[in-house]
Amino acid sequence: MNSHEIDYTIIGSDIQAVEVELDPNETVIAEAGAMCWMDSGIRFEAKAGDGSDMDEGIFSKMFGMGKRMITGESLFLTHFTNEGEGKKRVTFNAPYPGKIIPIDLSESGKLICQKDSFLCAARGTKIDVTFSKKIGAGLFGGEGFILQSIQGDGNAFIHAGGAVVEKELKGEKLIVDTGCLVAFEDGIDYDIQAAGNLKSMIFGGESVFLATLEGHGKVYLQSLPFSKLADRVLQNASSDGMSHVAKEID
């Protein structure tokens, strides 16, 4: 199924949203809860599947829901369809501060991204789950073990935390903190490796696992992964809470 041809506008600079313009009968699919506002005349419906395969059976849909459960995402994707007259617009925002990256899949065909980075895409885009080769990384909870693949020939949108850097690899090797990796094109060979020796892993203060990328294609990086932001907030909240308790005791 060919993807619907949707137009879009990125809104904002640091905390962004994407406004998608739909012609009559065009559809955009999105993660549950991503919609901010929309014009009247757009119908939305939660569905078990991305709509890329019109002949997909119930068992295939259930299998797809099971894979989405593994990623920690909602079991359903929301389909927004323009059932009115003329052009209609629907706007989606990222779940935390950062940037929205528009991807033209007609250029690369397929993009591999972190499991929580997909935001929305034109209907006809296939959203699937893929895994790193390193099973050990998954057993120890390493980021980047479970990934999403986005495949099609239309526009898709992913989000990232902090600043976004796009690198073009031409046979070089790039080593990245797994949390800082947002996405990469299909021509990139991806793997996860332990970060140095046991001493470095325990006392180095860096991630336990690092991602290695090598090949030809684009790589998208983020400067502030949500996991690091959440850890810092929790650390400060715990410190403030303990200080407050100590003052109450005094």
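**Exercise 1. Work through the salt-bridge network of Glu21, Asp23, Lys87 and Arg89, starting from the contacts of Lys87 with Glu21 and with Asp23.**

Before we start, a note on the ground rules. This is a predicted model, where local features need pLDDT of at least 70 and side-chain atom pairs count only at pLDDT 80 or more, while totals for chains, interfaces and linings use all residues. Residues are numbered from 1 along each chain as its sequence is written, and side-chain values use heavy atoms, with hydrogens and water left out.

*Step 1: the criterion.* Side chains of opposite charge can pair when their charged atoms come close. Here a salt bridge means a side-chain nitrogen of Lys or Arg within 4 Å of a carboxyl oxygen of Asp or Glu. By this rule the count comes to 6 salt bridges.

*Step 2: Lys87 with Glu21.* These two side chains form a salt bridge at 3.7 Å, N to O. Lys87 sits in the loop between strand E6 (77–82) and strand E7 (88–93), Glu21 belongs to strand E2 (residues 17–22), and the two are 66 residues apart. Strands (E, at least two residues) and helices (H or I, at least four) are DSSP runs, numbered from the N terminus.

*Step 3: Lys87 with Asp23.* The closest N and O atoms of this salt bridge are 2.6 Å apart. Asp23 lies in the loop between E2 and strand E3 (27–31) and Lys87 in the loop between E6 and E7, so the pair ties together parts that are 64 residues apart in sequence.

*Step 4: burial.* Buried means under 20% relative accessible area, exposed over 50%, and partly exposed in between (1.4 Å probe, protein chains only). Glu21, at 16%, is therefore buried. Lys87 is partly exposed at 43%, and Asp23 is partly exposed at 25%.

**Exercise 2. Which residue forms a salt bridge with Glu45, and how far apart are the closest N and O atoms?**

*Step 1.* The partner is Arg43, with the closest N and O atoms 2.8 Å apart.

*Step 2.* Now check accessibility: Glu45 has 34%, so Glu45 counts as partly exposed. Arg43, at 35%, is partly exposed as well.

**Exercise 3. Where is Phe209 placed, and is Phe209 buried or exposed?**

*Step 1.* Phe209 is found in strand E17 (residues 209–222).

*Step 2.* Its relative accessible area is 11%, so Phe209 is buried.

*Step 3.* For a chain contact, take Asp177: 32 residues separate Asp177 and Phe209 along the chain, and their C-alpha atoms are 7.2 Å apart.
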